[in-house]
Structures are given as C-alpha cells and as structure tokens.
Amino acid sequence: MKIATFNINNVNKRLRNLTVWLRRAQPDVVCLQELKVEQRAFPESALRDLGYRGVWLGERSWNGVAILARECDPVMTRSSLPGNPNDHQARYIEAAVNGVLITSIYLPNGNPQPGPKFDYKLAWFERLIEHGAELMKAGVPVVLAGDYNVVPTVQDIYPTRSLDDNALIQPQSRQAYARLLAQGWTDALRKLQPEGPLWTFWDYERNRWPLDKGMRLDHFLLSPIACDRLVDGGIDRWVRGEENASDHAPAWIVLDR
C-alpha cells in the first residue's frame, strides 16, 4: 500500500499538478492539506475520473484536508481533532482504508511567534498528542500523515540563521513533536534514511528551490504494527519543479500488505 502526503496549496489552482503527479506516482492513498476550497468546491469529479474517491473537509480560502483512496471509499472516522469543540479550522481528518487508519494533518504554522498564533499551534499540538495516545492504545495499524509545520531537528533544514525566530523550529515545537514520537510512533522517512536532507518544502521566496534550500515539514508517524510493514519511502522532488507548483513536494511510504 503506497501512502502519500501532499500539501497541495490550493487544490483547484493546482489541479493539473495534482493529476499529473497522481497518474505518474499512482499512490493508493493520498493525504492532502491546504485545500483552500469550500466543501462543495472540492474537485471530486476530476479525481474520481482518475480512480480516486475521497473524504474531505473544506474551508473557504484557508486550510482544508482530504484523504483519497484509489478504487475504494475511505471510511471517515473523524472530521476534527478532539479536545476543543470551538475550533472549527479544517485541519484534521481521519479515515480507515483497507484496514489501516490514516490521518491527514495540517498542523498550525504558528507564525509570528511569540503570540496568539504560536499559542494556538502549541495547544493544537497538545490535542494531537492526547489523541495520538488514544490511537496508540487501539493496537491497530495507524499512519499519522500530514504537514506538521515542524522541522524536527537541525538536519531537517538547510543551514541558516535567518529563521531562528520562526515557529517551525522553536524548541517548544520540536519538543512537542518529540513527545508525540515518545508514545511509540516511528518517523517513517527518518527510519528509512537516518542521515542527510529529506526536504519536502522550499519557500517561494529568495530563490530557495533553485538553490535547494529546503526543510522537512511533511511526516509519516507509524504505530508499531504499521512500522513492521514499512518497506519503502521517499519524496517526489520533481513535482516541486513543475510550473505552478506547490511549495511542498509529495512524500510517500510503502507498507507491505
């Protein structure tokens, strides 16, 4: 089972980019973030023509998450992260696909920090940690996939001091990610490639894509049962180089069936 995560950065604006990649990569499951469309504006028909059926949570102009599955229907188990019934931002969706519980996560960016946006990021992360503990207790194969808006370690970003104040690399952000891992989750891409760059994001500004000044924001955290099935993974960097590209590239893993 090939599972991918892709911050598409406006699914309708980049529908051609998405469909070109889907035809070439042929993932079985796709977790999308930053749809930036209302619920009714999601391109369901175009994706169905490619063999993908999905569940999604739209939000006008901002956020938005989806889970697509090839030739089957994802069974949605959650359309929000528990812990704050007043939080209506479209950032979390969860579905079962062929016996695997899969999430699409769009964790808050948190900039500028310090401030209310960073406070919201950390509070959201706490809710994810709490829910992650419950999922771990379930003892089933779980894949926590998505854009975490966290650079976990120094090796996950190009050498720079210009981002020292950025919410993505603050100690609190990294500590929250580490606490989630400590529940027993495995960072799949780092397990497969322990050393070296694994960039999934290159900012549009300051020529960062041509200079390959990237960072790793998109992650797969696997429960022990899912980790036992991990056989491959990588990043489709070529997608970032296409015309009208998202600032993220798709990341993917393969689980043995």
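Trp-202 has a relative accessibility of 0% and therefore counts as buried, where buried means under 20% relative accessible area, exposed over 50% and partly exposed in between, with a 1.4 Å probe and protein chains only. The model is predicted, so that local features need pLDDT of at least 70 and side-chain atom pairs count only at pLDDT 80 or more, while totals for chains, interfaces and linings use all residues. Residues are numbered from 1 along each chain as its sequence is written, and side-chain values use heavy atoms, with hydrogens and water left out.

A search of the whole structure gives 4 aromatic pairs, a pair being two rings of Phe, Tyr or Trp (its six-membered ring) with centres within 6.5 Å, called stacked when the planes are under 30 degrees apart, edge-to-face when over 60, and tilted otherwise. Two of these are tabulated here.

| Aromatic pair | Centre distance | Angle between planes |
|---|---|---|
| Phe-6 and Trp-21 | 5.3 Å | 70 degrees |
| Trp-202 and Trp-209 | 4.8 Å | 85 degrees |

Phe-6 belongs to strand β1 and Trp-21 to helix α1 (residues 15-25), so their pair ties together parts that are 15 residues apart in sequence; both residues are buried. In the other tabulated pair, Trp-209 is partly exposed, with a relative accessible area of 25%. Helices (H or I, at least four residues) and strands (E, at least two) are DSSP runs numbered from the N terminus.

An open sheet of mixed pairing is formed by 6 strands in the order β5-β6-β7-β8-β10-β9, two strands being paired if DSSP finds at least two bridges between them. Its edges are β5 (75-78) and β9 (186-187), each with a single partner strand, so one side of each is left without a neighbour in the sheet. Within the sheet, β6 (residues 92-97) and β7 (residues 100-106) pair in the antiparallel sense over 6 bridges, and Tyr-92 has Ile-105 in β7 as its bridge partner.

Helix α3 (residues 116-137) lies across β5, β6, β7 and β8 (142-147) and runs at about 20 degrees to β6, whereas helix α4 (residues 171-181) packs on the sheet by touching β9 and β10 (218-222), at about 25 degrees to β10. These angles run from 0 to 180 degrees between N-to-C directions, with axes fitted to C-alpha atoms, for helices over the stretch in contact. The buried residues of α3 include Phe-118, Trp-124, Leu-128 and Met-136, and the buried residues of this helix pack against β5, β6, β7, β8, α4 and α6 (224-227).

Strand β12 (residues 251-255) has 4 of its 5 residues buried, so it is largely enclosed by the rest of the structure. It pairs in the antiparallel sense with β1 (residues 2-7) over 4 bridges, and 5 bridges join it to β11 (residues 230-235), again antiparallel.

The largest nonpolar core has 41 residues, with Ile-3, Val-143 and Phe-220 among those having the most contacts inside it; such a core is a set of buried Ala, Val, Leu, Ile, Met, Phe, Trp, Tyr and Cys residues joined through side-chain atoms within 4.5 Å. Leaving aside neighbours within four places in sequence, Val-143 is in contact (heavy atoms within 4.5 Å) with residues including Ile-3, Ile-102, Phe-220 and Ile-253. Apart from this core lies another, of 21 residues, among them Val-11, Leu-35, Ala-66 and Val-239.
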